[in-house]
Amino acid sequence: MPTTPATAAHSSPNGTAQAIMLELVDESGTTIGTAEKLAAHQAPGQLHRAFSVFLFDEQGRLLLQRRALGKYHSPGVWSNTCCGHPYPGEAPFAAAARRTFEELGVSPTLLAEAGTVRYNHPDPASGLVEQEFNHLFVGMAQDRLEPDAEEVGETAFVTARELAERHAQAPFSAWFTTVLDAARPAIRELTGPSAGW
């Protein structure tokens, strides 16, 4: 993983992981403090900043990932290309690009902001709660994927029709439909009307 000012602040000199802190926000997205990652997700949840990335190939197919089975939150379910949380003080755009590279080994091209969405999604399986002010991004995946097996169990490029079929048969993250629907205008602008998004 490349060391950036954000990632350097979250690893100690002896290589042990420090607690990951998230940025707490108010309903308008203004930063109001910080909280440890797991604590922010415990019921009833604390509203915090997040991001969701949707990358497409040249054919207008969406890159999905199935979250690794070792993830503490929503393991083994399908979701959008990448999602996560900026570190306190880290710009959402920078966090989205950083985390996409960390998880999938690909740097997004034409990455563009696609709005924000606020939601509250409890996860019945874990009891954790997604109280998020989510920054959305769309772009292209034009390089060969090199997924981190600790983060990503599987990847797939799907058309809009294939996504509907997969979504009817396989478990998806609790937030997936909410973030996809909120990003659709920007997705249509990126992929064009023929892609069917």
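# Notebook: helix α5 and its surroundings

**Entry 1. The packing of α5.** I began with helix α5, whose buried residues pack against strands β3 (48-56), β4 (62-67), β5 (78-79), β7 (109-122) and β8 (129-140), and against helix α4 (160-169). I note at the outset that the model is a predicted one. I then listed the residues of α5 that are buried: F176, V179, L180, A183, A186, I187 and T191.

**Entry 2. The course of α5.** I asked how far apart the end C-alpha atoms of α5 are. The helix runs over residues 176-191, and its 16 residues bring the end C-alpha atoms only 19 Å apart, whereas a straight helix would reach 22 Å at 1.5 Å a residue. I next looked for where α5 bends. The bend, of about 55°, is at R184, and the proline P185 follows within four residues. After the helix comes G192, for which I read a positive phi, near 85°.

Entry 3. I consulted the UniProt record, an unreviewed entry, which places the feature "domain: Nudix hydrolase" at residues 46-182. For this span I noted 22% helix and 39% strand. Its end C-alpha atoms lie 21 Å apart.

**Entry 4. The whole protein.** I counted the secondary structure as 5 helices and 9 strands. Their order along the sequence is α-β-β-α-β-β-β-β-α-β-β-β-α-α. The radius of gyration is 16 Å, close to the 16 Å that the globule rule gives for 197 residues, so the protein is as compact as a globular protein of that length. The C-alpha trace spans about 45 × 35 × 30 Å along its principal axes.

I also looked up burial and surface. Of the 197 residues, 50% count as buried. The accessible surface comes to about 9300 Å², and carbon and sulfur atoms account for 53% of that area. Among contacts between residues at least 6 apart in sequence, I found that 66% join residues at least 24 apart.

**Entry 5. A cis peptide bond.** I recorded a cis peptide bond from A43 to P44, with omega near 5°. P44 belongs to the loop between α2 (37-41) and β3.

Entry 6. I examined S74, a residue other than glycine whose phi is positive, near 50°. S74 is situated in the loop between β4 and β5. Is S74 buried or exposed? Its relative accessibility is 6%, so S74 counts as buried, the cut-off being under 20%.

I then turned to L110, which is not a glycine either and has a positive phi of about 55°. L110 is part of strand β7. Is L110 buried or exposed? I found a relative accessible area of 63%, and because exposed means over 50%, L110 is exposed.

Methods. Residues numbered from 1 in each chain as written. Predicted model: local features only at pLDDT ≥ 70, side-chain atom pairs only at ≥ 80, totals over all residues. Heavy atoms only, no water. Helix = DSSP H or I, 4+ residues; strand = E, 2+ residues; numbered from the N terminus. Expected span 1.5 Å × (residues − 1). Bend = angle between axes of the 7 residues up to and from the residue. Buried < 20%, exposed > 50% of the residue type's maximum accessible area, 1.4 Å probe, protein only. Contact = heavy atoms within 4.5 Å. UniProt positions renumbered as here; feature names shortened; annotations may be inferred. Rg over C-alpha atoms; globule rule 2.2 N^0.38 Å. Areas by Shrake-Rupley, 256 points an atom, 1.4 Å probe, with all protein chains shown as cover.
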